[in-house]
Amino acid sequence: MNTLTALFAQAAAPAAPAAGQSAQAGGMGMLVPMLIIFAIFYFMMIRPQQRKEKERRKMIEELRAGATVVFCGGFIGKIVEAKEKTFRIELNPGNVVEVVRAAVQSAVEPEQPAAK
């Protein structure tokens, strides 16, 4: 039992800093790599995602009646009426539904007739 208590006491005791090195320098040595990792993560993941979302919101704001859109669920429809927070969409002739603007994934470009 005493041996087990001695092992726990050794594990819990903080290690003494080496000669000429303070305990504070060890903390700063760990902070710099963490900041570098966060900066890389921000520029590689967060910032591009924010840019895409900003472009998507701008595209949704510019949509008007007559535009063809694709929804997150995969439906494709034509905007009949654009309201403040929703769109009225015609999925097929005579079938009109109302969806929130956030459900729009992308706008479909009108097809150009093939040149002969």
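The conversation below goes from the overall fold to single residues.

Visitor: What pattern does the protein follow along the sequence?
Guide: A word of care to begin with: this is a predicted model. Read along the sequence, the pattern is α-α-β-β-β-β-β, which comes to 2 helices and 5 strands.

Visitor: How much of the protein is made up of buried residues?
Guide: Burial is judged by relative accessible area, with under 20% counting as buried. Here, buried residues make up 10% of the 116 residues. As for the surface, the protein exposes about 9700 Å², and carbon and sulfur atoms supply 62% of that area.

Visitor: Which residues make up the largest nonpolar core?
Guide: For a core, we look for buried nonpolar residues joined through their side-chain atoms. The largest one has 8 residues in all: Ile 60, Leu 63, Val 69, Phe 71, Ile 79, Phe 87, Ile 89 and Val 104. Strand 1 (68-71) and strand 3 are the elements that give two or more residues to this core. Take Val 104 as a way in: setting aside residues up to four places away in sequence, Val 104 touches Arg 56, Met 59, Ile 60, Leu 63, Val 69, Val 70, Phe 71 and Phe 87.

Visitor: Is Thr 86 buried or exposed?
Guide: Thr 86 counts as buried because its relative accessibility is 16%, and the cut-off is under 20%. Thr 86 sits in strand 3, residues 86-92. Its side chain makes a polar contact, at 2.8 Å, with the side chain of Glu 98. Beyond its neighbours within four places in sequence, Thr 86 is in contact with Glu 81, Glu 98, Val 99, Val 100 and Arg 101.

Visitor: Where does Lys 83 lie?
Guide: Lys 83 is in the loop between strand 2 (76-82) and strand 3. At 32% relative accessibility, Lys 83 counts as partly exposed. Not counting residues up to four places away in sequence, Lys 83 touches Arg 88, Glu 98 and Arg 101. The C-alpha atoms of Lys 83 and Val 100 are separated by 9.3 Å, and these residues are 17 apart along the chain.

Visitor: Which residues make a nonpolar surface patch?
Guide: For a patch, we look at nonpolar side chains that have over 30% relative accessible area. Val 32, Ile 36, Ile 40, Phe 41, Met 44 and Met 45 make one of about 630 Å². Among them, Ile 36 is found in helix 2, residues 23-62, and is partly exposed, with a relative accessible area of 48%.

Note on methods. Residues are numbered from 1 along each chain as its sequence is written. This is a predicted model: local features need pLDDT of at least 70, side-chain atom pairs count only at pLDDT 80 or more; totals for chains, interfaces and linings use all residues. Side-chain values use heavy atoms; hydrogens and water are left out. Helices (H or I, at least four residues) and strands (E, at least two) are DSSP runs, numbered from the N terminus. Buried means under 20% relative accessible area, exposed over 50%, partly exposed in between (1.4 Å probe, protein chains only). A polar contact is a pair of N or O atoms within 3.5 Å; within protein, one must be able to donate a hydrogen and the other to accept it, and residues adjacent in sequence count only if both atoms are side-chain atoms. Contact means heavy atoms within 4.5 Å. A nonpolar core is a set of buried Ala, Val, Leu, Ile, Met, Phe, Trp, Tyr and Cys residues joined through side-chain atoms within 4.5 Å. Patches are made of residues with over 30% relative accessible area and no salt bridge: like charges are joined within 9 Å, nonpolar side chains (Val, Leu, Ile, Met, Phe, Trp, Tyr) within 5 Å. Accessible areas come from the Shrake-Rupley method with a 1.4 Å probe; for residues, only the protein chains shown count as cover. A salt bridge is a side-chain nitrogen of Lys or Arg within 4 Å of a carboxyl oxygen of Asp or Glu.
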